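Please walk me through this structure residue by residue. Start with the contacts, then move to the core and the backbone.

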Amino acid sequence: MILARVLGNVVATKKHPSYTGHKTLIVQPVDEYGNDTGTSFVACDSVQAGPGDVVLVEQEGNCARQILGTLKDPFHSVICGIVDRVKLEG
Amino acid sequence: MILARVLGNVVATKKHPSYTGHKTLIVQPVDEYGNDTGTSFVACDSVQAGPGDVVLVEQEGNCARQILGTLKDPFHSVICGIVDRVKLEG
Amino acid sequence: MILARVLGNVVATKKHPSYTGHKTLIVQPVDEYGNDTGTSFVACDSVQAGPGDVVLVEQEGNCARQILGTLKDPFHSVICGIVDRVKLEG
Amino acid sequence: MILARVLGNVVATKKHPSYTGHKTLIVQPVDEYGNDTGTSFVACDSVQAGPGDVVLVEQEGNCARQILGTLKDPFHSVICGIVDRVKLEG
Amino acid sequence: MILARVLGNVVATKKHPSYTGHKTLIVQPVDEYGNDTGTSFVACDSVQAGPGDVVLVEQEGNCARQILGTLKDPFHSVICGIVDRVKLEG
């Protein structure tokens, strides 16, 4: 999983039917201090995340399908937690 | 999924038979503002995308096979939506 | 597998139920000299690692599921060893 | 799939038996203009590609196994087409 | 597969039981000229490689499991050949 911040959402009227009914958000990967790292991408939401939230994103198809509860959802990336805080130690 | 812009297509007369009959496009990854990020690659189209379109691309083999509707298509990357707009908030 | 250093942990009250009961740590990839490389990410712990430990992290879903002993845990990255030392030769 | 240019081949006398009889080539990823991008890697050939050819390379294990026609070949990357030209539009 | 040079090995007394009995080496990715590229990582050995050897490394879980001969070994990266030489042409 990586940390990311929700930027907003993507509107796509013309899409493959299997995406209908899923909420997809655009997210920006961040490091442990909340600084941007790497490039934004699009993930499916499973925890009612919203813009500005720092979230946990799992980026593997099998994990995504387990979280979404079906073997047929063609998602690779899924938002699976909303981060309250990162505790750095050591 | 990532955002990408369709650049054009790739002509390959000599190819593995399993690719015959599929439309493959070359796409450039972009960020939420439409700026180029990373390197172009080749994806199979499932939504009748054309040059200049900003599209959603799924990059996992199992997702690609679900979208294409067969377990036998050897594609890793598939275009699965045409983006109308990206709404940034928060 | 890669080498990484444990930075701390991530608190997420709101998360998908399948993550409940798992210890997740934030780790920083390092090279053979312990220098930071790349970006921090979140991994599930299987060896009671703690902050400051240099650890081995496996980053593939099937490996993670084998180590965690269940096919249902939606983890991609798992901490599977604590490094005593790296011996460079040759 | 990505675009790549064939650089040559790799000679490895001592190798795992499952690689015997396969032609492996070293390839350099290129962009839509033929410029180098990223780092060279080794792929299995399925289309009789040769040095200097610009080729399509699929980089996923399941795709590779489908193209090679067996579930037992331990290849991740496979050359699956020889590019005649890239047509940029839009 | 990628080319890499064996740097040494990693000593980890505390590790998940499934790693016991496997030889794991730390390797540095290299390009076709032997120059370092990217970051070192840890791979399981299947060909009796040693420090200083330039090796072929396969980085996919299914490939690794096929080479190691068991579906239960939680390795993603495996050393599967020792490179005699790279022949560049074209």
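Beyond its neighbours within four places in sequence, B:T37 is in contact with B:Q28, B:P29, B:V30 and B:D31, and also with A:T39. This is a predicted model. B:T37 sits in the loop between β3 (24-29) and β4 (41-45) of chain B. B:T37 counts as buried because its relative accessible area is 16%, under the 20% cut-off.

Now turn to the core. Which residues touch the most other members of the largest nonpolar core? They are A:I79, B:I79, C:I79, D:I79 and E:I79, in a core of 65 residues. Take B:I79 as one of them. B:I79 belongs to strand β6 (residues 77-82) of chain B. Its relative accessible area is 0%, so B:I79 is buried. In general, nonpolar side chains of soluble globular proteins tend to be buried together.

Leaving aside neighbours within four places, the contacts of B:I79 include B:L25, B:V27, B:A43, B:C44, B:V47 and B:V57. B:V30 lies 49 residues from B:I79 in sequence and 14 Å away in space, C-alpha to C-alpha. In chain E, the contacts of E:I79 beyond four places include E:L25, E:V27, E:D45, E:S46, E:A49, E:V55 and E:L56.

Last, the backbone. C:Q48 is not a glycine, yet its phi is positive, about 60 degrees. Most residues other than glycine have a negative phi. C:Q48 is in the loop between β4 (41-45) and β5 (54-59) of chain C. Is C:Q48 buried or exposed? It is exposed, because its relative accessible area is 62%. E:Q48 also has a positive phi, near 60 degrees. E:Q48 lies in the loop between β4 (41-45) and β5 (54-59) of chain E, and counts as exposed at 62% relative accessibility.

How values were computed:
Residues numbered from 1 in each chain as written. Chains lettered and ligands numbered in written order. Predicted model: local features only at pLDDT ≥ 70, side-chain atom pairs only at ≥ 80, totals over all residues. Heavy atoms only, no water. Helix = DSSP H or I, 4+ residues; strand = E, 2+ residues; numbered from the N terminus. Buried < 20%, exposed > 50% of the residue type's maximum accessible area, 1.4 Å probe, protein only. Contact = heavy atoms within 4.5 Å. Core = buried A, V, L, I, M, F, W, Y, C linked by side-chain atoms within 4.5 Å.
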